[in-house]
Amino acid sequence: MSQSSHGDKALRYISEEPFYQPVGNELGIFMAAWGRRLPVMLKGPTGCGKTRFLEHMAWRLKRPLITVACHEDLTSSDLVGRFLIEGDETVWQDGPLTRAVREGAICYLDEVVEARTDTTVVIHPLTDHRRHLPIDKLGTEITAHPDFLLVISYNPGYQTVLKDLKPSTKQRFVGMNFTYPPAELEAQIVMRESGLDADRSGKLVQASAKARNLKDQGLQEVTSTRALVYAGTLMAAGLAPLEAIEAAIISPQTDDPELAAALMEIFTTFFGA
Amino acid sequence: MSAATEEILEHLEAVSFVAGRDARAALPAVESLGEAATLRYLETGRDLFFYDREAGKGFFHATAELVRVFSGLDPWLDQARVFLTQRGTFRAAVGYFEQAAQVREQYGVAGEKIWYEEGADWIARHVDSAAAYFRMPIARLFGAYGAEELRTLLAPARELAKGRLGLASYLEGAVKVRAICGLDGVEDWAMRGRDILAAGRIRGEAWYKLESDEARAFLLEVLPGFRIGPHKRLFALLLQAWTGLHLPFEDGDWSVEGGRSFLETDGRSLFVPAVMPDREEAILAFYHTGAHLAFGSYDDEAIHALFREIGMEHPPLDADQRITWRPLFAQFGTDLLRFQLVFDILEDLRVDIAMEREMPGYLPRLMRAAEQRAVPPGVAGAYWREAMQLTHLAMVGQLPADLVSLASAEAGILDAFRLALARYAHTKLPSITLAERAAAFLPGHSPNAARPIYPRKHGQTDAVEMDAGGQLGAAGHKEKPREAPQQAEGNDPDMEIPPEDIQGTGGRVGVGIPMPAKVHGSGRGVQGPKGGWSYKEWDYRQEKYKDNWARVHERKLRERDEARAVEIAAEYDGTMRRLKKALQAQKPTRMAPLRRQKEGEEPDIDAAVQFVVERRAGQSPKANIYRQRRPMQRDTAVLLLADLSTSIMAEAADTGLRVVDRLRAAMLLFGEALVEVGDPFALYGFASKYHQEVLLYPIKRFDERFDAHARAALGGLSGRLATRMGAAIRHSTRQLLRSPGQRRLLLILSDGRPADYDDGGDPRYLQEDTRMAVREALEQGVHAFCISLDPRGGDYLPLVFGQGHYLVLPQMDQLPQGLPEIYLRLRGHG
């Protein structure tokens, strides 16, 4: 049996500055948490910039970022690591969390509520003063690298009603709330990201502000900044505005014909028939 | 004056002082026609007066006008003698004398003759019918048509009279149908009604008065234009998106005036016409009316300011506490409509400009819609052109100097009123009649003071809350008879609350339950039944729990209605099929295997490899290397807890349907869907009466089958008592914890706030307790999610259940199909 660390691939450093437009003091809060290596929880609806923010912070802190997109079948061994057979011997392979703990990366568990509940068990000792990761299968416990930081994100929408994090888990994190940025900033973001002109970016944002009033009307998520950027990108690429909106915003958002008609009517008001 | 004339006058005076006085007062108009004519006139007057006092009075009063318009006594004097031929004709006579001059003026000699003959014909046949005919305002009776068409309109009525249908019933409907579908439509409508009348008099009458569903269905069938009914949700969504308002919809009038249908509001509901000319006009109407509501046309303060402006301290209220507009326009007397229109144009302009700020392109859109229509003929056209002209100037930013202030964001209805007064003083707009007015409004616009108003609080984004739980019944509007709440069992009485406890003005609980204004202690002295489970209750005022405060009893539902369950199943057959099909299509996902099981039908390759590897690495892993496929393997268990309080018996405002009807269907569909899905589930209902008697009605427990028994119980579901939600949640949580399934969902179905008879009228008390109960459930791993039909749920549900843990369905029609869908989404498909 060998215990060589199997993860040979280099950790991912972010070399170019990812564009992030601060809305409030999220940079300050994150830096303060980083300073004391307190775990961070990013809350907010789909497509409002959580992941982008973290990429930006990783770039700023010059730390590698390991992102794990959590899903229903993600177990703790997917995070911590497992034995593999290689030739005649069994080899231990670190999971992404273990790598981050060892090497001092930022580990980002995206949509953590999607993962199986046993994953929270391995997270707990990492989030308090111990900063330990127990690896049952190796019978060891490793102490986190001084630069290791755990970040989780989740979307407190209806999908998580059944999967919500336990209050005791949540309380171990510094919570940061993300929402869609104010109109002016959002328009700038759309412009910058999609290359669309200021006029149409502004209209996209204005229309989405109205569309977001429909939040309680269906189970759907409201129009996200990301969807606006997609729509803007399609428009900038030469698609007719309403086609772009239909494709990037309305169609992905709802299957309900009345709701779709209402959304279309709102966007049509801004982009003409 | 001849002796014969004098003799008649004296005779009249001798019989009645009034008769003598009226006759002498009327005489000067007649005397110039000569001695013979005067005598003839007086004889008829005398005969009428002796025959019927009211008819005689009407005769003398109308004389001057009649002589002037007819230039003499013919033919009206002879016509008037028809009222002498039958008993009890005075009402018809009064109507005749009041309107004959007007008919002669507007429809000429021939027209008047036809009008008279049609009515006189009915005097012999049915006096009350003749009265209804002569008393109907001629503007309504003739509509936009001439006298010949009046004959056509009335033709079917003679035939119907044989079926003992009076003209009163027929005319009301006929003029409406004519306005909506024209004269040909009337004939068709009358023909169809004949068979219905033959089948039953009451049914027939309802048809002709347009009061029955079949009559409404007929009209909907023949009505041209855009039907709003199927698109209510779209309009509700649009209104909410643009203005943040979610008001209940109610059925408006078929056609308000001259066949044009308007969207109206009373500040609390929207009155939606069945059809509008097209989709664009309907959308504009919703936007425009939304703009009135959002920009303060009906704000309490603004309306007070209006009345102060005319020197009234407080606006007059009607019996329903609504503000009535009339006094505001009283000073204009008969020219009231002209001022109202001037005022409407300016106020419409103000809110339209405000809307343009929110919705760029709104004014051009309004202009486009107006340009596509022909300018209405006659005087209405002048107002139409004025409104278009001003809208255009507002659009290009060139309002006349006196109106520039309307475009400011601070402008209110008071500014519009003042400007209207100023403009009215020198306006050249012509006088207008009520019949002509309807055509004067631009598309989507309507008379702003059409209905008495429930004043709105400034900045209010929702309708005024008058009584929680009652909003679905929309108190204040025409109340339909309600099904009395049934008693669940002999010993959970609804109406047996001691009388001294039900005095008061509360009424917050459910609908129709009088609620104590004061509760002595907290329901002190009420002895609930023994047994049951006791639960703590959170008292936010003390910030502590009251131990063993609420007592929950499980009861069986006694009413069963298998037939109704079958009926509902048939009604929703299509929905059920679609749902089942969708579920079956998902089955491969649903049957997704349980991994890493100790036993199972097939090996789990990943697990097996890991097992081998770990064994070789010198460990002793568990041999969980199988996969299982079982229908019951889903790890979600759900308990549906339905609020069965009295308020579910209330009728929803816009449909006349009751919540309970939709609730039965929703729970049936939910049950069927869950059987298909295979998740363990239970169905419970709850109600309460004081803290010691919280009743849970198991309809299907986790370990029971969803069988005919459970379906029959759902079919017979009815409302009773109040809503002590916290205790019900605690007890349901207990049931859920004993259920199979790792994820536990408590799905709560409600139509209003938690409330009970002993909550002292403090809505916060039970709300806070419910919040705590939800929290306790979560601590135990039970997730609560609330689906509410309360349009104002957004005010308190986030506080109680938390963001994202509730859903408001403002249209209860969505419930039956929505409930299973919402569950499936919560649970996650794949």
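Predicted model: local features only at pLDDT ≥ 70, side-chain atom pairs only at ≥ 80, totals over all residues.

Student: Which part of chain A has pLDDT under 50?
Tutor: Residues 1-7 of chain A stay under 50, and the model has 16 contacts for them beyond four places in sequence.

Student: What makes K62(A) exposed?
Tutor: Count the neighbours. K62(A) has 10 other C-beta atoms within 10 Å. The cut-off for exposed is 12 or fewer, so K62(A) counts as exposed. You'll find K62(A) in the loop between α2 (50-61) and β2 (65-69) of chain A. Its phi is near 55°, a positive value in a residue other than glycine.

Student: And why is R131(A) called partly exposed?
Tutor: R131(A) has 18 C-beta neighbours inside 10 Å. Exposed needs 12 or fewer and buried needs 20 or more, so R131(A) falls in between and counts as partly exposed. R131(A) sits in the loop between α5 (118-127) and β6 (132-135) of chain A. R131(A) isn't a glycine, yet has a positive phi of about 50°.

Student: What makes α6(B) and α9(B) roughly parallel?
Tutor: Look at the angle. The axes of α6(B) and helix α9 (residues 147-162) of chain B cross at roughly 10° and come within 10 Å. Angles under 35 degrees count as roughly parallel, so that's the label this pair gets. Among the residues that make the contact are W115(B) of α6(B) and L154(B) of α9(B). By class, the residues of this contact are eight nonpolar, one polar and three charged.

Student: Why are β2 and β3 of chain B said to stand at the edges?
Tutor: Start with the open sheet, whose three strands come in the order β2-β4-β3 (chain B), with mixed pairing. β2 (249-251) and β3 (264-265) of chain B each have a single partner strand, so one side of each is left without a neighbour in the sheet.

Student: How do you know that β2(B) pairs with β4(B)?
Tutor: Pairing takes at least two bridges. Three bridges join β2(B) to β4 (residues 270-272) of chain B, and the two strands run parallel, so they pass. In β4(B), V272(B) is the bridge partner of D251(B).

Student: What about β8(B) and β10(B), which are joined by bridges too?
Tutor: Two bridges join β8(B) to β10 (residues 626-628) of chain B, running antiparallel. At least two are needed, so that counts as a pair. Here the bridge partner of Q597(B) is Y626(B).

Student: What makes β12 of chain B mostly covered?
Tutor: Eight of the eight residues of β12 (residues 681-688) of chain B are buried. F681(B), L683(B), G685(B) and A687(B) point one way, while A682(B), Y684(B), F686(B) and S688(B) point the other way.

Student: Which strands pair with β12(B), and in which sense?
Tutor: β11 (residues 636-643) of chain B pairs with β12(B) in the parallel sense over six bridges. Six bridges also join β12(B) to β13 (residues 694-700) of chain B, but those run antiparallel. β12(B) and β13(B) form a hairpin with five residues between them.

Student: Last one: how many residues of chain B are in contact with chain A?
Tutor: 35 residues of chain B are in contact with 29 residues of chain A. On the chain B side, the largest share, seven residues, comes from α13(B).

Definitions and conventions
Residues numbered from 1 in each chain as written. Chains lettered and ligands numbered in written order. Helix = DSSP H or I, 4+ residues; strand = E, 2+ residues; numbered from the N terminus. Contact = placed C-beta atoms within 7 Å. Axes fitted to C-alpha atoms, helices over the stretch in contact; angles between N-to-C directions. Parallel < 35°, antiparallel > 145°, perpendicular 65-115°, else oblique. Nonpolar A, V, L, I, M, F, W, Y, C, P; charged D, E, K, R; others polar. pLDDT = per-residue confidence, 0-100.
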